[in-house]
Amino acid sequence: MSDGQTLRHATADDLSRILDIYSHYCLNAVVTFEEKPPSIETMAARMQAIAGQQLPYLVATDSEGVVLGYAYASQYRAERTAYAHTVEASIYVQHDKLRFGVGQLLMTELLTHLHTLGRIREVLAVVPEDTTGVGRGVEHFYHKNGFRRVGLLENVGKKVSPSVDCVVRVHGEFELD
Ligand SMILES: CC(C)(COP(=O)(O)OP(=O)(O)OC[C@H]1O[C@@H](n2cnc3c(N)ncnc32)[C@H](O)[C@@H]1OP(=O)(O)O)[C@@H](O)C(=O)NCCC(=O)NCCS
């Protein structure tokens, strides 16, 4: 971690920075299958939904308070109540601030927070497999953070040619019973 990076819970005031960070990946990478950046209202609704689920939405900031990345957990298939103990982790670091420890800081705190909730049984990361761009480091990142690959949704996305697989990862420590 670089000096001055801090973590806090995200607020509505962070939405425009969060959208800036996310838009880059929508437009330039395979790591999200969202192709068009969402509106700020959509991002706000997503943040509110996570707050309503009492799940964490974190931002990491630099020493001047500028948001460098964000991570959140969302209820997996929230409309299906049997999934109530399963969440999906998402994390995005500003594209020109990678490899400075921001992602590690966010993921460590996200997992710690989920542990303290005491009601989460599975933490999933369902991530399009990008073997050419920023996604190259994702495998190492998730492995280092305790996730293991449990499945592959083959050819489910076609953001660019050819079709792209989606890797399903699960965090081992949450597999309680
Ligand atoms: C994945 C991501 C969050 C990592 O964030 P980061 O701030 O660059 O990662 P860190 O600097 O904290 O690195 C943490 C660990 O992951 C490793 N890592 C991160 N990027 C890597 C890369 N491109 N290649 C190899 N290892 C990488 C680091 O080496 C470090 O491990 P180490 O201590 O053993 O060296 C970031 O690359 C990102 O936002 N990617 C785009 C969005 C995305 O793919 N999100 C996942 C799907 S939601």
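**Entry 1: helix α3**

I began at Gly118, which takes a positive phi of about 75 degrees just after α3. Helices (H or I, at least four residues) and strands (E, at least two) are DSSP runs, numbered from the N terminus. I note that this is a predicted model, in which local features need pLDDT of at least 70 and side-chain atom pairs count only at pLDDT 80 or more, while totals for chains, interfaces and linings use all residues. My residue numbers start from 1 along each chain as its sequence is written.

I then checked the span of α3: its 16 residues reach 23 Å from first C-alpha to last, close to the 22 Å expected at 1.5 Å a residue (the expected span is 1.5 Å times one less than the number of residues). Within α3, I found Val102, Gly103, Leu105, Leu106, Met107, Leu110, Leu111 and Leu114 to be buried. For burial I counted other C-beta atoms, placed from the backbone, within 10 Å of the residue's own: 20 or more is buried, 12 or fewer exposed, and in between partly exposed.

**Entry 2**

I followed up Leu106. Leaving aside residues up to four places away in sequence, Leu106 touches Leu7, Leu58, Ala60, Gly69, Ala71 and Ile91. A contact here requires C-beta atoms, placed from the backbone, within 7 Å of each other.

**Entry 3: the ligand shell**

Which residues come nearest to the ligand? I found Val31, Leu98, Gly103, Gln104 and Gly137, out of 22 residues around the ligand (a residue is near if its C-beta atom, placed from the backbone, lies within 6 Å). β4 (86–93), α3 (102–117) and α4 (138–144) each supply at least two residues of this shell. I sorted the shell by class: twelve residues are nonpolar, seven polar and three charged. Ala, Val, Leu, Ile, Met, Phe, Trp, Tyr, Cys and Pro count as nonpolar, Asp, Glu, Lys and Arg as charged, and the others, Gly among them, as polar.

**Entry 4: the whole chain**

I counted four helices and seven strands in the protein. From the N terminus, their order is β-α-α-β-β-β-α-β-α-β-β. The radius of gyration is 16 Å, close to the 16 Å that the globule rule gives for 177 residues, so the protein is as compact as a globular protein of that length. The radius is taken over C-alpha atoms, and the rule is 2.2 Å times the number of residues to the power 0.38. Along the principal axes, the C-alpha atoms fill a box of roughly 40 × 40 × 30 Å.

Of the 177 residues, 26% are buried. Among contacts between residues at least 6 apart in sequence, I noted that 62% join residues at least 24 apart.

**Entry 5: positive phi in residues other than glycine**

Arg99 has a phi near 70 degrees, a positive value in a residue other than glycine. Arg99 sits in the loop between β4 and α3 and is exposed, with 9 other C-beta atoms within 10 Å.

Asn155, another residue other than glycine, has a positive phi near 60 degrees. I placed Asn155 in strand β6 (residues 147–157). Is Asn155 buried or exposed? Asn155 counts as exposed, with 11 C-beta neighbours inside 10 Å.

Helix α2 (residues 40–52) has 13 residues and reaches 18 Å between its first and last C-alpha, close to the 18 Å expected at 1.5 Å a residue.

**Entry 6: single residues**

Val167 lies in strand β7 (residues 164–171) and is buried, with 20 other C-beta atoms within 10 Å. Not counting residues up to four places away in sequence, Val167 touches Val127, Glu129, Arg149 and Leu152.

Tyr83 is in the loop between β3 and β4, and I scored Tyr83 as partly exposed, with 16 other C-beta atoms within 10 Å. Beyond four places in sequence, Tyr83 touches Tyr76 and Arg77. Tyr83 and Phe100 are 17 residues apart in sequence and 34 Å apart in space, C-alpha to C-alpha.

Glu122 belongs to strand β5 and is partly exposed, with 16 other C-beta atoms within 10 Å. Between Glu122 and Ala84, 38 residues apart along the chain, the C-alpha separation is 9.7 Å.
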